Amino acid sequence: MGDHGVEALLRIGDSCLVLAQRLTAWCGHAPALEEDIALANIALDVLGHARGLLTRAGQLEGAGRDEDQLAYLRSAPEYRNLLLVEQPNGDFAHTMLRQFLFDAWTTELWREMTASSDAGLAALAEKAAKEAAYHVRHSAGWVVRLGDGTEESHTRMLAALDDLWPYAGEAFLDDEVDVAAADVGLVPLPSTLEKPWRARVSYILEDATLPVPPDPWWQRGGRQGRHTEHLTYLLAEMQVVHREHPGASW
Amino acid sequence: MTAVQEAWDLLAQVPDPELPTVSVVDLGIARAVAVTGDSVVVTITPTYSGCPAMREIEHDVKVRLAERFADVEVRTVLSPAWTTDWVTDEGRRKLAASGIAPPGTRMLPLLDFGRPATCPHCGSADVEELAGFGSTACKALWRCTACREPFDYFKAH
């Protein structure tokens, strides 16, 4: 189980880390000061979740890698995040839809994780569940406001849905790693989160006067290390200081 | 005075770095104190997963308790998760006195983050949310529709 457990935690932890990195790019650029602050706050929470998960993954791996080594010294094929979170920020519609699809997933995920057989993960989940619930309230609010807003904002949300929907289903596709990790109660089986996720997403999209698109062939592979080109650029920026100055401290 | 009481008294003098009007005891961040001889172990629990003040709090606790104890250890514990239900009555009074509305009552845990009971400036109950996120992770921005003043709200969490 050791390796499967590490993999399963990296899949969630890397998704949090990559999204946090994406969100920080809005800092100083969001359309309003309140939103600048909101995105930075959400990024901090999600980064906190990533730190907890990567730390635990490193401990389970037993090779002496801490959160920093895992974050800064792995290349794209070693990352296990969902393809959804590495997609570019695009406009505010893209950022908010991506955030909502993610938050709707983590809200269910963390709630289930509170029952993890790993006491440390259960404790992390207890805290994260409350935070994810606050995040989804925010991102869902924006999806509704933009979808049911002006003709311009509605058109932009439709474009975001076109671009991002094919990446939305990857979080719920089980493989042997997920089954092994779920069998020992470490993490919930991804497919079990799909039904409540769909219920929330459908409800919010309808409220936003946006269509619920039919299921496409879900884009996949991020959780196995096969990424879109975007991740390489993101990691280059995130890791450059650490790689240029290994072991440096303030 | 017992050594445990001395430790709590010292902790009550450690301000929250981002909300210096309240202490780590007022906010319910300091959870437990255990004294053995000249050593003390303080258990603290983080408010939010991404709260950037936690490391500073740990440092401040160590420095303050070193005034009395030769050996100070700070343990961070995540479970049970911190909740604003742990903010003391004294903490709520201090928050309100500094213009921050203390956490309101929640009807549904996880689905509800409460609302300020009254405006901390004029006492009116006619208040509305401006933004869900504020200057620190634990606060939201609200305004009073009576006196028109904006104010921070310490979210029920």
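Reader: How far apart do the C-alpha centres of domain 1 of chain B and domain 2 of chain B lie?
Author: This is a predicted model, in which local features need pLDDT of at least 70 and side-chain atom pairs count only at pLDDT 80 or more, while totals for chains, interfaces and linings use all residues. Residues are numbered from 1 along each chain as its sequence is written, with chains lettered from A and ligands numbered from 1 in the order in which they are written. The domain assignment of chain B gives domain 1 as 3-76 and domain 2 as 87-154, the bounds coming from an automatic or database domain assignment. Between the C-alpha centres of these two domains of chain B the distance is 26 Å.

Reader: How many residues does the contact take from domain 1 of chain B, and how do they divide by class?
Author: Two residues are in contact if their C-beta atoms, placed from the backbone, lie within 7 Å, and the contact takes 10 residues from domain 1 of chain B and 10 residues from domain 2 of chain B. Ala, Val, Leu, Ile, Met, Phe, Trp, Tyr, Cys and Pro count as nonpolar, Asp, Glu, Lys and Arg as charged, and the others, Gly among them, as polar. On the side of domain 1 of chain B that touches domain 2 of chain B, the division is four nonpolar, four polar and two charged.

Reader: In what order do the elements of chain B run from the N terminus on?
Author: Helices (H or I, at least four residues) and strands (E, at least two) are DSSP runs, numbered from the N terminus. Chain B has three helices and seven strands, and from the N terminus on they run α-β-β-α-β-α-β-β-β-β.

Reader: Which residues of helix 6 of chain A make the contact with helix 2 of chain A?
Author: The axes of helix 2 (residues 33-61) and helix 6 (residues 119-147) of chain A come within 11 Å and cross at roughly 160 degrees, where axes are lines fitted to C-alpha atoms, for helices over the stretch in contact, and angles run from 0 to 180 degrees between N-to-C directions. From helix 2 of chain A the contact includes A:A38 and A:R56, and from helix 6 of chain A it takes A:G120, A:L121, A:L124, A:A128, A:E131, A:H135 and A:H138.

Reader: How many residues does the contact take from chain B and from chain A, and how does the chain B side divide by class?
Author: The side of chain B that touches chain A has 11 nonpolar, six polar and no charged residues. The contact takes 17 residues from chain B and, from chain A, 21 residues.
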